[in-house]
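Subject: Structure handover

Dear colleague,

I am passing this structure on to you, with some notes on what was found in it. Please read them alongside the sequence and the coordinates.

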Amino acid sequence: MGSVKDLTVTKSPRENAFGEGYFTFSDRYSVFDWGEMPDHIPGKGESLCLMGAYFFECLEKAGWKTHYRGLADDGETRRLDDIRKPTRRMEVSLVRVIHPTRVNGSYDYGVYRPDETNFLVPFEFIYRNTLPRGSSFRQRANKGQLRLEDYGLEALPEPDEVLEHPILDVSSKLEEQDRYMSWEEVAFLNILTQQEIEKAQDLLRHTDQLITDVCRKVGLQNEDGKI
């Protein structure tokens with residue numbers, strides 16, 4: 001169970017085989033790392049489920065492999081165009097979750113052996129098209145926790161400025177609290193090859209552009225997103 005959607009496992013993943021399960025998108029919502037808020041948003045579960053399905057199917061048409069299997073509808077797994085009514089249940093393939101071990105206050109990623117397969121990559125990949133006031137990136141820059149030149153910037157842009165090229169960022173995903181990392185640190189951990197890191201960056205750019213184009217058609221702006 002997550003703060004905004006629940007996971008039900010129907011078939012556990014193995015080292016060499018996907019598992020199966022489904023997400024149930026709820027009307028709950030969360031803010032930052034605080035978790036679930038006290039009120040709900042009616043219809044949010046169905047809306048997010050259908051939006052997610054739409055973009056997953058667009059990515060598949062473009063040749064990207066995803067964990068999306070379809071939408072649950074009257075006991076069947078169907079594509080978005082084939083469902084008979086809105087649903088909040090998405091069928092997905094599952095991989096193993098291997099947690100880094102905690103040693104003396106820091107995390108040891110040595111549990112990811114070179115021959116390990118079928119596991120969740122323990123990073124969150126982020127694209128940013130703007131750096132609004134309150135942005136974590138802006139806060140990190142002001143505290144000297146990152147170098148702007150590493151992200152192709154000479155100075156911080158204005159809060160309402162749309163960047164010419166998206167900033168690609170990365171954080172941990174399986175630590176107690178998400179921790180921003182450099183791409184060099186990701187490479188140093190030796191979980192992904194340099195080619196796989198570049199493929200993740202390509203996926204970020206492609207997904208960003210896809211969502212940006214769809215949002216623009218209905219008068220919305222795609223500020224940022226994560227994979």
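Which strands does H4 lie across, and at about what angle does it run to E10? H4 lies across E10 and E11, at about 45 degrees to E10, where axes are lines fitted to C-alpha atoms, for helices over the stretch in contact, and angles run from 0 to 180 degrees between N-to-C directions. Helices (H or I, at least four residues) and strands (E, at least two) are DSSP runs, numbered from the N terminus.

This is a predicted model, in which local features need pLDDT of at least 70 and side-chain atom pairs count only at pLDDT 80 or more, while totals for chains, interfaces and linings use all residues. Residues are numbered from 1 along each chain as its sequence is written, and side-chain values use heavy atoms, with hydrogens and water left out.

The open sheet holds 4 strands in the order E12-E11-E10-E13, with antiparallel pairing (two strands pair if DSSP finds at least two bridges between them). E10 and E13 are joined over 3 bridges, and Ile126 has Lys226 in E13 as its bridge partner.

The largest nonpolar core has 24 residues, and Phe125 and Trp183 are among those that touch the most other members; such a core is a set of buried (under 20% relative accessible area, 1.4 Å probe, protein chains only) Ala, Val, Leu, Ile, Met, Phe, Trp, Tyr and Cys residues joined through side-chain atoms within 4.5 Å. H4 gives the most to this core, with 6 residues. Phe125 touches, among others, Val170, Trp183 and Leu204, contact meaning heavy atoms within 4.5 Å.

With regards

How values were computed: Buried means under 20% relative accessible area, exposed over 50%, partly exposed in between (1.4 Å probe, protein chains only). Lists of a residue's contacts leave out its neighbours within four places in sequence.
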